[in-house]
Amino acid sequence: MNSRFPYHIFPLGDSALTLDFGNKIDTGINDYVLTLFDVFKNKALYGVLDIVPAYSSLSFHYNVAVLRKTIGGDLTAFEIISRQIEKTIAEAGPATSRRKRNISIPVCYSGEFAPDIEFISFEKNISIEKIIQVHTERIYTVYMIGFLPGFAYMGEVNEAIVVPRKSEPRASVPAGSVGIAGKQTGIYPLQSPGGWQLLGRTPVKIFDKQKRDPVLLQPGDQVQFYSISEDEFKNY
Amino acid sequence: MSLRIIKAGIFDTIQDTGRFGYRHLGINPTGAMDNLSAKLANALLGKRLEAALIEMHFPAPVILFQKPTIACLAGADFSAMVNNQEVPVHQPFFVAENSVLRFERLMHGARCYLSLFHDLQIDNWLQSASTHIKAEAGGWNGRRLKTEDVILFRPTRFTSNRGKKTNPLLSWKAAPLKINKHLDCIKGNEWAWLEAASQHSFKNSSFQISNLSDRMGYQLYGEQLRAGKDEQLVSSAVDFGTVQLLPNGQMIILMADHQTTGGYPRLAHITSTALSSLAQLNPNEAIQFRFIEVWEAEDNLLQQYNYLQQLQNACKLKIEKYLHASM
C-alpha cells in the first residue's frame with residue numbers, strides 16, 4: 001500500500017469513485033489528500049475528467065465508455081482507475097510534499113460588513129479587536145472547495161472564535177462575506193443563502209466569470225487575512 | 001438573425017453534455033438533464049453528440065426560424081407543430097425560412113431537446129456551452145432564454161430549395177422514449193448506516209417525486225428512513241444521481257445542477273442510463289430503486305454509447321445525401 005494513511009476505494013455511482021481516508025477532519029490527512037491531488041493532476045490519467053479533493057477523500061470522475069473501449073480487456077473502468085490510483089500512491093510514497101501558494105486577502109471587519117461580529121464577541125467573551133487579531137494572525141489551508149463555485153473551506157480557526165453556524169440561515173448573504181462555522185472559515189464567492197457567522201467582507205472578487213481562472217482560490221492554498229478600513233474597502 | 005424566441009417557455013436553456021475539469025473549484029458540470037435524449041437529438045442529425053442544443057420544459061417556447069435548417073426533437077413529447085403541421089420526436093424535419101415551431105401540450109416526459117443541423121453561435125465558458133445558472137455564466141449569457149432573444153447559427157454549407165409546402169419529415173427516426181420508473185442504482189458508501197428496516201423500505205417501497213424538484217435535485221417523499229448511527233458525514237464529493245438521506249428521514253436525488261460536494265449520507269447512486277428515465281419524470285410520479293453491480297451499470301453505459309455512435313455515423317451519411325438531393 002505504501003500510503004501515508006490507510007485508505008479504501010469505493011464507487012461513487014457508475015462514473016466516479018472515491019479514494020477515502022476515513023470520515024474525519026484531520027489536517028494531516030487533508031494535507032496528504034492535497035498532496036495526492038497535485039500528484040494525480042500531474043499524472044493526467046487517461047479518461048479522468050475531474051479530480052475533487054475534500055477533507056479526507058479524493059474523488060475521480062471518469063469517462064466509462066472511453067476507458068472500456070480503449071483500454072479494454074475484462075476490467076471495468078472502476079477497476080482500471082482504482083488500480084492506477086493504487087499504483088500511483090505506492091510510487092509516490094508517504095513522504096511526498098506539495099507546492100503551496102500563499103494568498104493574502106483584505107477584509108473589512110466593521111459596520112454593515114460584520115453583522116455577526118458582536119454576537120461572536122458576546123458569545124465567546126472576547127473583544128472585537130481580539131477577534132480581528134486572532135482571525136488575521138493565522139495562516140489557513142484551503143481544505144477543499146465546494147457548495148458554490150469558489151467557496152473555499154479553510155481552517156482551522158483559533159478556539160477563541162469557534163462558533164457554530166446560525167440556527168436560522170440568512171436568505172441572502174452578499175458576495176465577499178467572510179464567515180466562521182465551527183473550526184472553519186470561508187468566503188461567500190456569490191450572493192447566496194448562508195448560515196455561517198459573518199465577521200467581515202472582502203472587496204476582492206473570489207469568483208469572476210470573466211477571468212480565465214474564474215476562481216481565486218485553489219485547494220491547498222495558504223490564506224491569510226488582513227484588516228482594512230471601510231474607506232479602504234470602498235476605494236479598493 | 002437565425003432563430004428568435006417569439007415567446008419564452010417556462011425554462012429553456014442552452015445545454016451540452018457538461019463542463020468537465022472544474023469540479024475541484026466547486027464548478028459543477030450542469031449540462032442536459034436527460035443525457036441520452038440530448039445525444040439522440042444530435043445523433044439523428046449526424047452531429048457531434050456533445051453539441052450544444054436547447055433544453056425545454058413545458059410550457060415550451062414559440063420559436064421563429066429566420067433561416068432554413070433541419071431540426072430534431074428528442075425526449076419528452078410536447079406535441080410539436082411547425083407551421084400548423086405536427087412533427088414527431090426522434091425524427092429529423094426540415095424547417096423552411098420563416099417557419100414557426102410551437103408546442104401544444106405535454107403528452108409524455110418532462111424535458112424536450114431541440115437540436116439543429118446548424119451549430120449555435122454560443123461562446124463557450126470554460127470549454128462548454130452548458131448554462132451555469134448560479135454562476136450566471138455559460139450558455140445564453142448564463143440565463144434562461146427570454147422573449148426576443150435571437151440566437152445565431154454558425155455559417156455552414158447548407159443550401160436547400162425545399163419550401164414550406166413539401167413534407168418536412170426526413171426519412172429516418174429512432175424508437176420513442178422508454179421511461180422506466182424502477183431506477184437502477186449502485187450502493188452508496190453510507191448505505192450501511194441505514195437501519196435494517198429502512199434498508200428494506202428503500203429496496204421495496206415506492207417513493208414519490210415531490211413538487212420540490214428541479215434541475216438541482218428531486219426531493220422524494222415516502223416512508224421515513226433512519227440511520228442506525230449518529231455519525232455526521234464530513235463533506236465529500238457527490239455526483240449527478242447521488243441519493244442523499246436528509247435529516248428528516250426523506251431523500252433527495254441530486255440532478256444536473258447539483259453542488260459538487262455534500263455532507264449528507266449517500267445511500268445510493270442512480271446509474272447514468274437510469275438518470276435519463278428519472279429526468280423525464282414529473283412531480284407526483286413514483287419511483288422504486290433496484291440495486292445493480294458496477295459492471296452491469298458500465299455495460300449499460302457502453303451499450304448506449306455504441307448505439308449512439310453507430311446512429312450518429314449512419315445519420316451523418318443520410319443527412320449529406322438528403323442535402324445533396326435537395327440542391
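This note goes through the interface, the nonpolar cores and some backbone features of a predicted model.

1. Extent of the interface. Chain B and chain A meet through 43 residues of chain B, which are in contact with 47 residues of chain A. The area buried between the two chains is about 3700 Å², and carbon and sulfur atoms give 61% of that area. Of the area that chain B buries against chain A, 18% is supplied by His24(B), Leu25(B) and Glu298(B), more than by any other three residues.

2. Polar and charged pairs across the interface. Between chain B and chain A there are 3 salt bridges and 19 residue pairs in polar contact, counting pairs in which both residues have pLDDT 80 or more. One of the salt bridges links Asp299(B) to Arg68(A), with the closest N and O atoms 2.6 Å apart.

3. Make-up of the chain B side. The elements that give two or more residues to the side of chain B touching chain A are β15 (236-237), β19 (266-270) and α4 (294-325) of chain B. The largest share, 9 residues, comes from α4(B). By class, this side has 20 nonpolar, 15 polar and 8 charged residues.

4. Nonpolar cores. The largest nonpolar core has 54 residues, and those with the most contacts inside it are Ile70(B), Phe202(B), Ile270(B), Leu278(B) and Phe289(B). To this core α4(B) gives the largest share, 6 residues. When neighbours within four places in sequence are left aside, the residues in contact with Ile70(B) include Leu45(B), Pro92(B), Phe117(B), Phe158(B), Leu170(B), Ile319(B) and Leu323(B). Another core, of 52 residues, lies apart from the largest one, and among its residues are Phe151(A), Val157(A), Ile187(A) and Leu25(B).

5. Cis peptide bonds. In chain A, a cis peptide bond joins Gly155(A) and Glu156(A), with omega about -10°, and Glu156(A) is placed in the loop between β7 (152-155) and β8 (170-173) of that chain. In chain B, a cis peptide bond joins Phe58(B) and Pro59(B), with omega about 5°, and Pro59(B) is in the loop between β3 (53-56) and β4 (62-65) of chain B.

6. Positive phi outside glycine. Asn125(A), although not a glycine, has a positive phi of about 50°; Asn125(A) is found in the loop between α4 (117-124) and α5 (128-137) of chain A, and is exposed, with a relative accessible area of 73%. Gln127(B), likewise a residue other than glycine, has a positive phi near 65°; Gln127(B) is in the loop between β10 (108-116) and β11 (150-151) of chain B, and counts as exposed at 61% relative accessibility.

Note on methods. Residues are numbered from 1 along each chain as its sequence is written. Chains are lettered from A and ligands numbered from 1 in the order in which they are written. This is a predicted model: local features need pLDDT of at least 70, side-chain atom pairs count only at pLDDT 80 or more; totals for chains, interfaces and linings use all residues. Side-chain values use heavy atoms; hydrogens and water are left out. Contact means heavy atoms within 4.5 Å. Buried area is the accessible area (1.4 Å probe) that two parts lose on being put together, summed over both. A salt bridge is a side-chain nitrogen of Lys or Arg within 4 Å of a carboxyl oxygen of Asp or Glu. A polar contact is a pair of N or O atoms within 3.5 Å; within protein, one must be able to donate a hydrogen and the other to accept it, and residues adjacent in sequence count only if both atoms are side-chain atoms. Helices (H or I, at least four residues) and strands (E, at least two) are DSSP runs, numbered from the N terminus. Ala, Val, Leu, Ile, Met, Phe, Trp, Tyr, Cys and Pro count as nonpolar, Asp, Glu, Lys and Arg as charged, and the others, Gly among them, as polar. A nonpolar core is a set of buried Ala, Val, Leu, Ile, Met, Phe, Trp, Tyr and Cys residues joined through side-chain atoms within 4.5 Å. Buried means under 20% relative accessible area, exposed over 50%, partly exposed in between (1.4 Å probe, protein chains only).
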